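Dear colleague,

I am passing the structure below on to you, together with some notes on what came out of going through it. Please read the notes with the model open beside them.

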Amino acid sequence: MINPRRPRHDHVISANSRVVRNINRAVILNSIREREPISRATIARLTRLNKSTVSSIVASLIEEDLIVEEFEKIAAVGRNPISLHLKRGQNLYGAISFDSAATRIAVVDVDGTLMYTDKITTEPRPAEQFVRTCIEALAALRTQHRLPEFKGIGVSVAGIVDSLQSKVVLAPNLGWENVNIGDMLTRAFPDVTVTSVENDAKAAAIAELWFGRHNINLSNFVFLTVGRGIGAGIVIDKHILNGEMHLAGEFGHMILFEGGEPCPCGNRGCWEAYASDRATVGRYAGAKGLDADTARMLTIDDVIVAAKNGDGIAVTELKTSGRYLGIGIANVIKAVDPGAIIIGGHITRVWDLVSSEILASARKQSFFGERDGTPILPTSLVRRPSLLGAAALAQRKFFGDVRVTL
C-alpha cells in the first residue's frame, strides 16, 4: 500500500534523466556541428560521454533527420570509419533582418548557406503592419520553393531589443517602440516552436561565432557593425552580453569629442557621428561641394566606388573614418579586454585602404603600450552578417534546447 504522506520521487527521477539526456543531446549535436566530419568514437573522447550514450543519441539524431552518416574512404585502413555530418537541405531556418534602408529575408541552411533571399524596402508605415508584410514574404519564399517547415525563425533589428521577450524596445532609425515581433511570429508560424529576436550587432556576433572562419580562438571578442550607426555584440565565453537594460554594446553613442558633431541620438560628439557610413558620406559630400539634393541621394557604396576609381577625396574620407574607428576601438579594448575585434559593414570592402589607419590609431591609444595588441580583423562572413545572424539566433536556440518534456 502506498503511504499518501510519503513523497513520490519517480517523476523527479524521470525529469532529471530527461534533462541529462537533452543536455547530452545538445553537446553531441554541437560537437558534430563544430567538427564535422566526426566519428562516434571521437565524440565520446571529446565529450567524455560513454560510448553507449553517444551511440543512442546519435541514432535518435539520425532518426530525426538532423544528421547523416557516411563511410570515409581511407586506403591505409582495413575498415573505413563512419563519419557524421549535419544533414543539409532539410534542416532550414527562416531569417529576417530589419534595417532603416532595407529589410532582407532569407532561407538559411544548417551550415549557414543563404539558400534563397529577398529584399524589401523598409517603409515608414506602422511597425506591426510592416513586420507582418515581411513575415508573410518569408512564408511565401518557403512555399515558392516547396521547402520543409522551418526548424526555427530568427529576426535581427537595428535597435534595442529585449531578446527574452522577443520584443523591440526602441529602434530610432526605424521609428519603432515596443514592437512585439515574437507574438507576430508565433501567430504566423504556429508549428515553429523556436523563434528568436535580437539586436543586429549581437546577431552578427553570433553569426561570426557559429559560421566564422578565423584562425584564432573566438571565445571572447567584440563584433562591430559599421553602418548608418555603429553597434557592437560583446561575446564573453561564447555567450552574448545583453546588459540589465539590453544596452550592452551601444558603443556608437560613447562620446569621442565633448561638444562635437551632432548625433541623431540628441548628443554631440558620439563615435558614430565620426566613424559611421553616414558620417563618411556626409564629409565626402561636404568636401565635394555637392548640393543638398545630390548629397541626399549619395550612399556609402558611391563613396567606395569613387575611392576605387581613384577619387582622392573619397580615399581621404574613408581613411579618416578608419582613424576615428581606431580611436573608438581603443576605448572598447580598454573597457572589455576582448580576444579580438571583428568589424563588419561596407567599410570592410576597402580593408586594404582603411586597415592601416584603424590599426595605427588603435595602437596609438593602446593601454599601457600593449606589446602585440588585440587582433583587429574584418568579418570572415562574406554575405550580410546581420541576416545570417538572424538564422544563427534560431539555430543556436534549437541546437541548445534542453527543455524538459514531461
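Helices H2 and H3 are oblique to each other, a word kept for angles that are not under 35 degrees (roughly parallel), not over 145 (roughly antiparallel) and not 65 to 115 (roughly perpendicular). The axes of H2 (residues 40-47) and H3 (residues 51-63) come within 9 Å and cross at roughly 120°, where axes are lines fitted to C-alpha atoms over the stretch in contact and angles run from 0 to 180 degrees between N-to-C directions. Helices (H or I, at least four residues) and strands (E, at least two) are DSSP runs, numbered from the N terminus. The crossing of H2 and H3 is right-handed, that is, the near helix is turned clockwise from the far one by less than a right angle. On the H2 side the contact (heavy atoms within 4.5 Å) is made by Arg40, Ile43 and Ala44, and on the H3 side by Lys51, Val54, Ser55, Val58 and Ile62.

This is a predicted model, in which local features need pLDDT of at least 70 and side-chain atom pairs count only at pLDDT 80 or more, while totals for chains, interfaces and linings use all residues. Residues are numbered from 1 along each chain as its sequence is written, and side-chain values use heavy atoms, with hydrogens and water left out.

Buried here means under 20% relative accessible area, exposed over 50% and partly exposed in between, with a 1.4 Å probe and protein chains only.

Glu36 and Pro37 are joined by a cis peptide bond with omega about -5°, and Pro37 lies in the loop between helix H1 (10-35) and H2. Arg146, in the loop between helix H4 (127-144) and strand E6 (152-157), has a phi near 50°, a positive value in a residue other than glycine, and at 79% relative accessibility Arg146 counts as exposed. Asn178, found in strand E9 (residues 176-179), likewise has a positive phi of about 50° although it is not a glycine, but at 46% relative accessibility Asn178 counts as partly exposed.
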